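I set out to record what I looked up in this model, entry by entry. The notes go from the chain as a whole to single elements and one residue.

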Amino acid sequence: MVTTATGQRQAILPQMIADEVSDAVEWPGKEVDDALLYDASLSLKKPASTGEGKQHRLPVWIPALRDCSAVQQELTHRQMLGLNKEDIELELPDSLSVDAVRILCKYLHRTLSMGNPPFTITLNNATELHDAAMFFGCREAVDACVTFWHRCLDEYNCLEMLLEIGIRREINPIRVRAIHILSTHFSSIVSRSVSQLLQLPASILLEVIRSDLLDAPQEITVFETVLTWANHQKNERYRHLADILQKVRFIYCGESYLRTKALPQLIALASLPECTELAKVVTSIQQNMHYVERQPTTFMDVDLYMLRPRVSRETLFAIGGWSGGQASALVEAYDNRAHRWYALSQVRSMSSPRSGVRCVSHDGRLVVLGGYNGRERLCSVERYDERRDRWERLGDMPTVRSNFGAASFEGRIFAIGGFNGQSTISQVDAYDPITARWTTLQGMTVTRSALGACICETADPEYYSMLTRHSSASAAAFNAQMALDRLALPRAPAPSRAAQ
């Protein structure tokens, strides 16, 4: 770089670059400072049938292409043949445009620009950047595109990105994430994006319909969506209809709808040569029709999709308790879509019956503590691992107890008071899942059992208090004299009794 007496800047370009300027070189950037660094050019050839038959030359800086395996292979080949490395010749496939390569070059040279904004991946350039990076073997650029797409996915674009990115380009992380979003927002997506939904291949629709997490307040919507999808391309899709409909939870469509609409349609379709397998679906519905108005706890079969409720993303559990004159290990979940309770299988039952048990939701997982098994009080703690579909033991509490208070607070699980089989206690313990250890804290001012515990946000959001209340106190007595214990936690000044 040379500065003249008039203060104007002039560039002294390498001879190779000076020669190329007269040869219609397509510059990725116009900065003179960038041009000083370019030490080679990409000579790109496209088949004449694409309309881009002429040769395109893009200046590049070789160190910026060190992660491009296709370029490195060409450089090695040219070195073995004794050819210069300043003109790298590559033939592009029909599906890859020169513009896509130009975008990749801008991405790879993004650190060279001086005074210009850095290269930004957007929805407008991500697909071309990805396609070029795949051809050139640039793993870093491919991963950057996948990360960008993953971050952009939402319920409004998941179908488009599933079709274009997850399926067409076979990018599995995007496919998996898009299917999850489609499943958990199914009802709203169906209401506004039916045309895109009709483009899904049978394998993807099957994966969505069989999901227990499918957002389907009305199972009728699921059934009618599948029929609409199949009728869109009857010749191709009718042969997949039986496999998909077997995953529909027909029992939750209601008896009237099943008898007057669903069954007549299915019987008519089953008479077609390409839909003979639907006869099995019809028979299964007819055999299980008497279950429609019964509680799922009496017939729950996790292997038979027709009887299997969808599971809400947030689940209400009923755990253990005293039933039929004995402690129970039964765990039931409430299906908020079907408005019914269903029992989890024996595999998912707790390891021990528990009455007077306490449970908390901690870090998105269900944790149960203590209780009474019909013979003795317990100190054991269990956590349900939904991924492995089993209960796992955590560290035992320092003391046995039932009918105590429990809460999850700032990363720890608190066990408060209770009955140890001989007396009511005031002991308070906290469990840290990171260290897997229990710590005994300052005890309450009075002994308590059959108490409640909650986390209460004060006027200052930085401070919290643990409130406990003896269950035997009447409402009037409680209002008159609240027993309020603050457990060695940072707190704001206590509110006045008038405010309470």
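**Entry 1: the chain as a whole.** Among contacts in the protein chain between residues at least 6 apart in sequence, what percentage join residues at least 24 apart? I found that 55% of these contacts do. The model is a predicted one. I noted 17 helices and 20 strands in the protein chain. Of its 500 residues, 43% are buried.

**Entry 2: helices H6 and H8.** I looked up how helix H6 (residues 139–152) lies against helix H8 (residues 172–184): their axes come within 10 Å and cross at roughly 5°. Since angles under 35 degrees count as roughly parallel, H6 is therefore roughly parallel to H8. On the H6 side, Val146, Trp149 and His150 make the contact; on the H8 side, Pro173, Ile174 and Arg177 make it. I sorted the residues of this contact of H6 with H8 into four nonpolar, one polar and one charged.

**Entry 3: H8 itself.** I then checked the length of H8. With 13 residues at 1.5 Å a residue, H8 should span 18 Å, and its end C-alpha atoms are 18 Å apart, so the two values agree. Which residues of H8 are buried? I listed Ile174, Ala178, Ile179, Ile181, Leu182, Ser183 and Thr184.

**Entry 4: a sheet of four strands.** I traced an open sheet with the order S15-S16-S17-S18 and antiparallel pairing. Strand S15 (405–409) and strand S18 (437–441) stand at the edges; each has a single partner strand, so one side of each is left without a neighbour in the sheet. From one strand to the next, the twist averages 20°. How many bridges join S15 to strand S16 (residues 412–419)? I recorded five, with the two strands running antiparallel. For Gly405, the bridge partner in S16 is Ile416.

**Entry 5: Ser349.** I located Ser349 in the loop between strand S10 (340–343) and strand S11 (358–362). Is Ser349 buried or exposed? Its relative accessible area is 13%, and buried means under 20%, so Ser349 is buried. Leaving aside neighbours within four places in sequence, I found Ser349 in contact with Ala329 and Trp391. Ala329 lies 20 residues from Ser349 along the chain, and their C-alpha atoms are separated by 5.9 Å.

Note on methods:
Residues numbered from 1 in each chain as written. Predicted model: local features only at pLDDT ≥ 70, side-chain atom pairs only at ≥ 80, totals over all residues. Heavy atoms only, no water. Pairing = 2+ DSSP bridges. Axes fitted to C-alpha atoms, helices over the stretch in contact; angles between N-to-C directions. Parallel < 35°, antiparallel > 145°, perpendicular 65-115°, else oblique. Contact = heavy atoms within 4.5 Å. Nonpolar A, V, L, I, M, F, W, Y, C, P; charged D, E, K, R; others polar. Expected span 1.5 Å × (residues − 1). Buried < 20%, exposed > 50% of the residue type's maximum accessible area, 1.4 Å probe, protein only.
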